[in-house]
Amino acid sequence: MTVSAGTAGWYLRRLSRMGPREVGGRVADTVRRRRWRSGLPDCPDVTGARFTALLPAGTVAAVPPDAAKRLVAEADRLLAGHAVFFGVDRDDLADPDWGYDPKTGRRAPSGYAFDVPYRDEDAVGDIKQIWEPSRHQYLTVLAAAYAITGDERYAERVAAHLRSWWTANAPLRGVHWTSGIELGIRLLSWVWIRRLLDGWPGAAGLFEDNPVALRQIWHHQRWLAAFPSRGSSANNHVIAEAAGQFAAACAFGWFPSSARWRADALRSLERQLRGNTFPSGLNRELATEYHGLVLELGLAAVAEADAAGVPVPAPVRLVLLRMTDALAAIVDNRLRPPRQGDTDDGHGLVVDGAGTDRWGSLLATGDAVFGRLDWWPEVTGTDVRTPLLAALVRPYAKGGTTPTVSRPASRPAHFADAGMTILRGPGGIWCRCDGGPHGFLSIAAHAHADALSVEVRHDGVDVLADPGTYCYHGQPAWRRYFRSTLGHNTLELEGGDQSVSGGPFLWTRHARSSVLVADTSGTADGGTDRWSAEHDGYQRSVHRRRVELTAASRELRVVDEVLGRPGPRRAVRLAFHLGPAITADLVGNRAVLTWTRDGEDRSAELDLPGRLDWRAHRGESDPPLGWYSAGFGRKEPATTLVGTGFADGTAPSAEVTEFTTVLRFRG
């Protein structure tokens, strides 16, 4: 295989972020991949296997009617062959081509899995478009529709697609055997498909009495046992691998290696959940969507353990409890969490139809499993997943051997370990201030260069928005933009990012942030909340930011300071990204912002620093500026206000340059 200079440089940068143990593990993986090329072992004979991890009687009847209606509507769309993956409308789901990417029109090559260059969009296509249907989470939706309605059309479609997939994707052949997270989530889907199809006469013949299915299940677990994500890659991927392996080893525990796989996966799950989670309960990747993914995977794994009677270490439930309380603490008044860091719309378990609120569903499940605290926000929506999981998971309060834990008596607003502070004001004013670590582990794969950024909403509407993620592979200019400092509500110096990127999932130098003040007690009494932090990402200067939210005046004041030694002037760009619902009328250094919420007109005034020259940008592509990504693979034009100028540095008296921005909400 020919390696380009650019690719070689990436490998060297990536290698520099690994420790000796990780390097040794990856060398062993390479040797094992070469050895596995020579042939596959036979799946052990497990004649007489039976599936016993069933839902308790009456579980399906407990699904709320409106949630069931949404699910069936989604299942009917799937039966008609229609689905949307990452903004691409698919009408080929009646008979999928498992290696085809409709976005680029390319088809992934077949052959030995570890020879497939899945990161190369020119050779493979958009790998996310190819992988997503093969997580088989749309099949869990169809299986759930069968469980609720008894309509065998749903079960028959599931069976046809599984048989098609198993035929087209033999073990270790093709792109679907290249990434552990895909195998882990797929196994979890298969467990739930078998569970939800249990009333269908063909369920056993599809799974435990089917040699092809048994071979697939066994080889998935053998792969995961051999190639875990390691070291600097041990983020949400390793949790998905462990959760899927554990779920399969519990529910499909028919093989000679099942007990070992189950024990090893549970040890990994405990270690990685603890390692991936701050003591406060927030996910260490500081990417909120991955907080949701990890929480879903953890709850699903505990459900399998309790269904199989496998004891779960107390720290596993404790981490999931803290993650749930943390989620309840950070959402806005419409149950929307921060849009921090990367997102790829990944889910752990999908059994709901379109229109079901993911975060409300997680809080509802948390209520059923752990019990809600008085300060939790109310969840008014319904979902299918909560009654299904709650029927399997042993309620936390009845743990017996689980130690009593202290939970927050009031709603936390400052998470010191994660550097996240939430300021709240009247009328649903919500402001996230970011003064935390750049990201997780040495590569900080899912981090953005967003130190000291703010994210502001009014009654759930993005006013000062985090633009999102949009893409991972194949579009490097867009990937750079959505991760960049300019792509966030913070200050850029001398045209560079605060942290240094070495690739689309690699940062080689991390800005270090420190929170100086976090006083969130003021607005409760009509006063002022205050936050201040600084970072060292600019080598000749320090960026310090102060944020004050005053309840009485409904005013948010942001003061940016550039501190540095006397010297040449430094170029400054200060960006404020408006949400897609916001219209801005910019005159000089004042912008009037207007939007509509629930049929009611809303407005605010944004007074911008007068010492900068301000321009509005919207939907620009060369270079990218003025965009908002509501979800992976989707983007839409939105207004970005950018002020350009200089931080003075020509005299000792000019060591500190200050820029003040004031946002006032009307009415």
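Predicted model: local features only at pLDDT ≥ 70, side-chain atom pairs only at ≥ 80, totals over all residues.

Biologist: Which kind of peptide bond joins Asp622 and Pro623?

Modeller: In general, most peptide bonds are trans. Here the bond between Asp622 and Pro623 is cis, with omega at about 0°.

Biologist: How should I read the phi angle, and what is its value in His136?

Modeller: Most residues other than glycine have a negative phi. His136 has a positive phi, near 60°. This histidine belongs to the loop between helix 5 (127-131) and helix 6.

Biologist: Is His136 buried or exposed?

Modeller: A residue counts as buried when its relative accessible area is under 20%. His136 has 0% relative accessibility, so it is buried. With a relative accessible area of 10%, Leu335 is buried.

Biologist: How much space lies in the second largest pocket?

Modeller: The second largest pocket holds about 1400 Å³ of space. It is lined by 45 residues, of which Asp345, His347, Thr356, Arg358 and Arg634 are the closest to its centre. Among the elements that each supply at least two lining residues are helix 6 (137-149) and helix 15 (358-370).

Biologist: What classes of residue make up that lining?

Modeller: The lining of the second largest pocket has 15 charged, 15 polar and 15 nonpolar residues.

Methods. Residues numbered from 1 in each chain as written. Heavy atoms only, no water. 1 Å grid on protein atoms, 1.4 Å probe; cavity = no way out; pocket = protein on both sides within 12 Å on 5 of 7 lines; lining within 4 Å. Points joined across faces, edges and corners; volume = space filled by probe spheres on them. Helix = DSSP H or I, 4+ residues; strand = E, 2+ residues; numbered from the N terminus. Nonpolar A, V, L, I, M, F, W, Y, C, P; charged D, E, K, R; others polar. Buried < 20%, exposed > 50% of the residue type's maximum accessible area, 1.4 Å probe, protein only.
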